[in-house]
Amino acid sequence: MLKGKKILLGISGSIAAYKSASLVRLLIKAGAEVKVVMTPSATTFIAPLTLSTLSKNEVLSELSSENTWANHVLLGRWADIMLIAPLSCNTLAKMSAGLCDNLLMAVYLSATCPVIVAPAMDEDMWLHPSTKNNIRQIQSYGNQVIPVENGELASGLKGEGRMAEPEQILQFINDFFFRSGELKGKKVLVTAGPTYEAIDPVRFIGNHSSGKMGIAIAEECKRRGADVTLVCGPVTTPVNSSISLVKVKSASEMYNACMDVFPSVDIAVMSAAVADYTVEEPSSQKIKKNGDSLTLHLQKTKDILKALGVTKNERQLLIGFALETNNEKAHALKKLHEKNADMIVLNSLNDPGAGFGYDTNKIVIFDNRGSEFQFETKSKKEVASDIINTIIKYSNG
Ligand code: CTP
C-alpha cells in the first residue's frame, strides 16, 4: 500500500519509542522506504542499531559526527512525508517555537514535505495549557496530529496521552496518501467565522462563531490537494498560510468577496455565521449615551448562500450550513431547497459539544437527492473530513 513511498521517521525521547521498532517493520512491510532520525535522548530509549537493522538504513542523531556534517536539508527533501513518532512534550515545544538544537529539529525545520506527528506523554503533561497551545500552534503550521489514546501510561496511571498503536499510525499514513490527491485540480471556496455589523466606529453587532469549523474544512480541502480560498470574518483562530485568505468584516464585504470568487470554483462550502440584519445607518461618530433607550434600525443583509444558489451552474457544488435550536430537520431541509444548495450540514445547539466555540461538533448532512447522513460527536477536524468525504461521494454520483 505504501509501495515506493519515502518515509522519514523522527523519534524523540519518550518511553513509547520502544514501539518504533514495530512501526518501522510495519512501514517496510507495507512497501515504504524508511530512514530514521533520532533525538539524542531517544537513543537512550531504543538502540539506533535496532532501527538501522530494521530500516536497512543508517540512523542519524547528531548534526555532525567524525567531522562529517549530516545534511538535514537533503534528508527533508528526500522524504514524501516526515513522521515524528513518538513526539515528546519537549520536541513538541521546540517545533512550536522553531528551536533548532539537534538534527531532528534541523530536519523538521527544513523539511518541505508534509509532517505528521504522533504525540506521547503523561496525561498531566498532555492536558497542560502550554501543550494544548503548542499542538494548536504546530497544526496552524500545517502539521497533522495523530490523536493520542486513552489507556495505561508510563507513570502507571491511566488516562489520555498514550501514543497511537503502530497499526493505527500505519492506517493514518495509508489514508493520508490515499486522500491527499482526491481534490487535486479542484477549486474550493469556504466561508468561516462571524460577521461584524458596525453600529458606530467602536461598536458592532456580531455573534460567537470562532470560525474553527470553516477553517478545518478549508485546511482539509487543502490537504486533499484543492486550491482553496477562505473568506473569513473576524476570528482569532490561526489559518494555515498555504490557504488563500480573504479577510472580511461585514456581511456585505463577505457577499462581495464570495460573488467575486464563486464563478471560478468547483465547490463552495458556506459555514460562516453571517449576520441576517445590519445597521441601516451606522453612525460615523461614537454614539453618546444621551437617552434612557436607544433604537437601532436594522435592515436585512443579502443571503450569500441563496445568491450563489441562483448563479450556480451544473458543474458546481454548493454546500450550506444550518444552525438550529428547534425543528432542526424541517428547518435544515427548508434551507436546502430554498437556497438551491446541493447539501446542507445541520448542527443543533441542543447537541452537547456542538456549535460555536467548541473544538467538537455533531452534524447531520442532507442532500438534494433525499439522502441523510448522521455522524457522531467528533473533533472539528474529523467533522471536516466527514463533510468532504460526503461531498466527494455525492460528486461521484
Ligand atoms: N447564510 C448566508 N448569508 C446570510 C445568512 C446565512 O450565506 N446572510 C448562509 C450561512 O452561511 C449558512 C446558511 O446560509 O450556510 C444558513 O444560515 P443560518 O444562519 O442557519 O440560516 P438563515 O438563512 O440565516 O436563517 P435563520 O437565521 O432564520 O435560521
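Domain bounds, as used here, come from an automatic or database domain assignment. For this chain, that assignment gives domain 1 (6-179) and domain 2 (187-283 + 294-396), and the C-alpha centres of domain 1 and domain 2 lie 35 Å apart. The model is predicted, with local features needing pLDDT of at least 70 and side-chain atom pairs counting only at pLDDT 80 or more, while totals for chains, interfaces and linings use all residues. Residues are numbered from 1 along each chain as its sequence is written, and side-chain values use heavy atoms, with hydrogens and water left out.

Seven residues from domain 1 and seven residues from domain 2 take part in the contact between them, where contact means heavy atoms within 4.5 Å. The buried area, that is, the accessible area (1.4 Å probe) that two parts lose on being put together, summed over both, is about 730 Å² between domain 1 and domain 2, and carbon and sulfur atoms give 46% of this. Of the area that domain 1 buries against domain 2, 64% is supplied by Ser140, Gln144 and Arg179, more than by any other three residues.

Turning to the ligand, the residues around it number 16, and Met270, Ala272, Leu305, Phe321 and Lys339 come nearest; a residue is near if one of its heavy atoms lies within 4 Å.

| Residue (side chain) | Ligand atom | Distance |
|---|---|---|
| Asp276 | oxygen | 2.8 Å |
| Thr301 | nitrogen | 3.4 Å |
| Lys335 | oxygen | 2.8 Å |

Technical notes
Polar contact = N/O pair within 3.5 Å; in protein donor to acceptor, adjacent residues only side chain to side chain.
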